[in-house]
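Have a look at the sequence and the model, then read on.

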Amino acid sequence: MTSLAIILQGITAANHLSVLRQRLQAEKGGKVLLSVAFVSEAGVALLEPQLSAIASQATVYCGIRNEITSRQALERLLAIGVTLYVVDTGSRQIVFHPKIYLIAGPTSATLVLGSANLTVGGLAANVEAGLVVEFSPSNPEDAMLLKHIFDTFESLHGLHPKNVLQVTSVGMIEEMQQAGRLVDESIIVSSPAVSKTSGLETDLVPRIKLTTNWPKGSYVVGKSLGPIPKGNASSVVAENMAAVVPPFGLERVWVSKSLTERDLTIPSGTNTHQTGSINLDKGQLDAAVDHRHYFRDAVFAMLNWQTTNSASVDEAFAKFELVLRGISHGDYDLAIRHTTSTTSAAYKQHNAMTRLLWGPIRPLIARRELIGASLQLYKDLAVPSRFVITID
């Protein structure tokens, strides 16, 4: 390595845009690798002249299913002629996030490694940090490291063929946008929390299998707020709920334990009955919360409850938006049933008294790859009879 330099964009004289333009213009006859989490059309436009000149040498990897990478950005990259791959981790909780710009020629190579995405903010407007490393390919150690970087990225598609896809047509991009995996920059998105699709379309991208996982218990909110105050039951924080900021205007009221075959109504046993519902049980609620009454008397208290044909079962309906692995499938009217008896064996054994019927969304959630996922239930603070279910 011949030299190291730091870019602290907005503070130092150089920014990522000026450095990358200079290095790309100087490149002749080598290889170029760009790997970023987010891409916008305006970001691509900033480097379009330089990328167009060396398009046959350039490969771009970018993340999707992240609420920023857009259809327009990918279409522009495809039109430039670079080799384009998208990385869909199959989960909003796992983001493809590396920011690497590598321009390698026969006699010199530059690596820019830092926080800058292929967006206007990343390249010029934001305060971003980047380490600029200059290599000498004639040095065996430098050449070995360069080869290792290229080989690592070139192996991604083979290792994760369902998550790392080469984009070869505008039609592919349109399909990804229609499936809610890309943003449409021509549309103002009403909710920044999720991508949107419609109907009972099936998202077939599996969750990416990584070599490491985050340590369990490391992202915990902390102790609960104690016993539930009457009339404010949903304010209790679950003891082990992940410390994720809820979408604006929503209040999280329940987090399940790892979803099971029974929860997802996909039993493997031939003699096992498909219930078509999920029990709203203790989940990850605080020990002080009595889940047998919590859902009927607090979470869903404002609904219009009616007695069913069974004298001990009440039923109500509410609007639920289903957000499956970061993609919204719209709002559905779902039934909630609550067993009112306090003398039954099930009640005395502290079993779940309330259950949510999957109804029209069963085809979306009855999927084996969701076994072990987490369900989070949110209350819409503006519309008390509306809720949001997220599964990831």
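## Ground rules

This is a predicted model, where local features need pLDDT of at least 70, side-chain atom pairs count only at pLDDT 80 or more, and totals for chains, interfaces and linings use all residues. Residues are numbered from 1 along each chain as its sequence is written, and side-chain values use heavy atoms, with hydrogens and water left out.

Helices (H or I, at least four residues) and strands (E, at least two) are DSSP runs, numbered from the N terminus.

## Rings that meet

Let's start with the aromatics. A pair of aromatic rings is described by the distance of the centres and the angle of the planes. Rings of Phe, Tyr and Trp (its six-membered ring) pair if their centres lie within 6.5 Å; planes under 30 degrees apart count as stacked, over 60 as edge-to-face and the rest as tilted. Searching the whole structure turns up seven aromatic pairs. One of them is Y61 with Y85, a stacked pair at 5.0 Å centre to centre and 10° between the planes. This pair links distant parts of the chain, with Y61 in strand β3 (residues 58-63) and Y85 in strand β4 (residues 83-87), 24 residues apart.

Buried means under 20% relative accessible area, exposed over 50% and partly exposed in between (1.4 Å probe, protein chains only). Y61 counts as buried because its relative accessibility is 3%, and Y85 counts as buried at 15%. Another pair is Y294 with F295, which is edge-to-face: 5.0 Å centre to centre, with 70° between the planes. Both Y294 and F295 are buried. As for clusters, Y61, Y85 and F153 form one.

## Charges over rings

A charge sits over a ring if NZ of Lys or CZ of Arg is within 6 Å of the ring centre and within 35 degrees of the ring normal. K31 lies over the face of F150, 4.3 Å from the ring centre. R292 has its charged end over the ring of Y347, at 4.0 Å from the centre of that ring.

## Strands side by side

Two strands pair if DSSP finds at least two bridges between them. Strand β5 (residues 100-104) and strand β6 (residues 109-114) run antiparallel and are joined by five bridges. A hairpin of four residues takes the chain from β5 to β6, and I103 stands opposite T110 in β6.

On to the next strand: β6 also runs antiparallel to β7 (residues 129-135), with six bridges joining them. Here A109 has F135 in β7 as its bridge partner.

## Two helices together

Axes are lines fitted to C-alpha atoms, for helices over the stretch in contact, and angles run from 0 to 180 degrees between N-to-C directions. Helix α1 (residues 16-26) packs with helix α2 (residues 41-53) at an angle of about 15°, their axes 9 Å apart. That makes α1 roughly parallel to α2 (angles under 35 degrees count as roughly parallel, over 145 as roughly antiparallel, 65 to 115 as roughly perpendicular and the rest as oblique).

## Single residues worth a look

Most residues other than glycine have a negative phi. E67 is not a glycine, yet has a positive phi of about 70°. You'll find E67 in the loop between β3 and α3 (71-80), and E67 counts as buried at 18% relative accessibility. R325 is not a glycine either, and has a positive phi of about 50°. R325 is in the loop between β13 (313-324) and β14 (327-339) and is buried, with a relative accessible area of 3%.
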